[in-house]
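The sequence and structure are shown first.

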Amino acid sequence: MPDKGEPSAGARSATRPEEAQNPCEIAMVAEVPVYPASCASRFLLEQVADKWSVLVVSALWGGPLRFNALRRRIEGITQKALTDTLRRLERNGMVARRVIPASPVAVEYSLTETGLSLRAPFAALHDWTLAHGTAVVAAREVFDARAGGT
């Protein structure tokens with residue numbers, strides 16, 4: 001039986017990115033996959049899995065929205081955070097920006113096909129939060145009580 005620090009016989013043997021033949025090969029540490037820093041999957045997770053990206057993409061599922069409509073829909077987001085998130089999502093091909101020639105000029109944002117493809121994974125994440133929210137709150141209360149109420 002393998003020790004907790006050793007991969008099982010069926011697991012991939014690479015434990016460091018430099019040992020992997022494919023930079024996206026999942027390294028196994030204690031039988032848990034760890035994505036190497038050089039892997040595109042890890043980069044994409046950093047781009048789409050943050051709080052604001054999830055909320056912006058979710059807000060745009062209903063169709064195109066202007067900047068201020070998005071800002072009103074996403075409670076707590078600052079103008080800077082929304083601007084940065086929209087630029088990052090646009091740069092990564094998940095959001096399209098369209099200038100509306102009006103007076104004054106308006107801009108609306110919509111999801112691209114790539115952005116729309118996030119619907120199922122984000123819905124699964126949302127379902128998970130609903131199913132496990134109570135357990136997470138309970139765990140936090142136990143931890144805080146044990147840590148002296150931090």
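A polar contact is a pair of N or O atoms within 3.5 Å; within protein, one must be able to donate a hydrogen and the other to accept it, and residues adjacent in sequence count only if both atoms are side-chain atoms. Helices (H or I, at least four residues) and strands (E, at least two) are DSSP runs, numbered from the N terminus. The model is predicted: local features need pLDDT of at least 70, side-chain atom pairs count only at pLDDT 80 or more, and totals for chains, interfaces and linings use all residues. Residues are numbered from 1 along each chain as its sequence is written, and side-chain values use heavy atoms, with hydrogens and water left out.

**The start of H2**

Asp50 caps the N-terminal end of H2, with a side-chain oxygen 3.2 Å from the backbone nitrogen of Trp52. The side chain of Asp50 is also joined to that of Ser53 by a polar contact of 2.6 Å. Ser53 lies in helix H2 (residues 51–59). The buried residues of H2 (buried: under 20% relative accessible area, 1.4 Å probe, protein chains only) are Trp52, Ser53, Val54, Val56, Val57 and Ala59.

Contact here means heavy atoms within 4.5 Å. Not counting residues up to four places away in sequence, Ser53 touches Gln47, Val48, Thr85, Arg88, Leu89 and Phe122. Gln47, in helix H1 (residues 40–48), in turn contacts Ser53, Arg88, Leu89 and Asn92, its neighbours within four places in sequence left aside.

| Residue | Element | Relative accessible area |
|---|---|---|
| Gln47 | H1 | 12% |
| Ser53 | H2 | 1% |
| Leu111 | S5 | 12% |

**H2 against H4**

The axes of H2 and H4 (lines fitted to C-alpha atoms, for helices over the stretch in contact, with angles from 0 to 180 degrees between N-to-C directions) come within 10 Å and cross at roughly 75°. That makes H2 roughly perpendicular to H4, a class that covers 65 to 115 degrees. In this packing, Trp52, Ser53, Val56 and Val57 of H2 meet Ala81, Leu82, Thr85, Leu86, Arg88 and Leu89 of H4.

**The nonpolar core**

A nonpolar core is a set of buried Ala, Val, Leu, Ile, Met, Phe, Trp, Tyr and Cys residues joined through side-chain atoms within 4.5 Å. The largest one has 24 residues, and those with the most contacts inside it are Val56, Leu60, Leu70, Leu86 and Tyr109. Two or more residues each come from H2, helix H3 (67–73), helix H4 (79–91) and strand S5 (106–111); H2 gives the most, with 5 residues.

Leaving aside neighbours within four places in sequence, Tyr109 has contacts that include Leu60, Leu70, Leu86 and Val95. Leu111, found in strand S5, touches Val57, Leu60, Trp61, Met94, Val95 and Leu116, not counting residues up to four places away in sequence. The C-alpha atoms of Leu111 and Ala96 are separated by 6.0 Å, although these residues are 15 residues apart along the chain.

**The aromatic pair**

Rings of Phe, Tyr and Trp (its six-membered ring) pair if their centres lie within 6.5 Å; planes under 30 degrees apart count as stacked, over 60 as edge-to-face and the rest as tilted. The count comes to 1 aromatic pair. Trp61 and Phe122 form this tilted pair, at 6.2 Å centre to centre and 55° between the planes. The pair links distant parts of the chain, 61 residues apart: Trp61 is in the loop between H2 and strand S3 (65–66), and Phe122 is in helix H6 (residues 119–146). Both Trp61 and Phe122 are buried.

Key. Buried means under 20% relative accessible area, exposed over 50%, partly exposed in between (1.4 Å probe, protein chains only). Angles under 35 degrees count as roughly parallel, over 145 as roughly antiparallel, 65 to 115 as roughly perpendicular and the rest as oblique.
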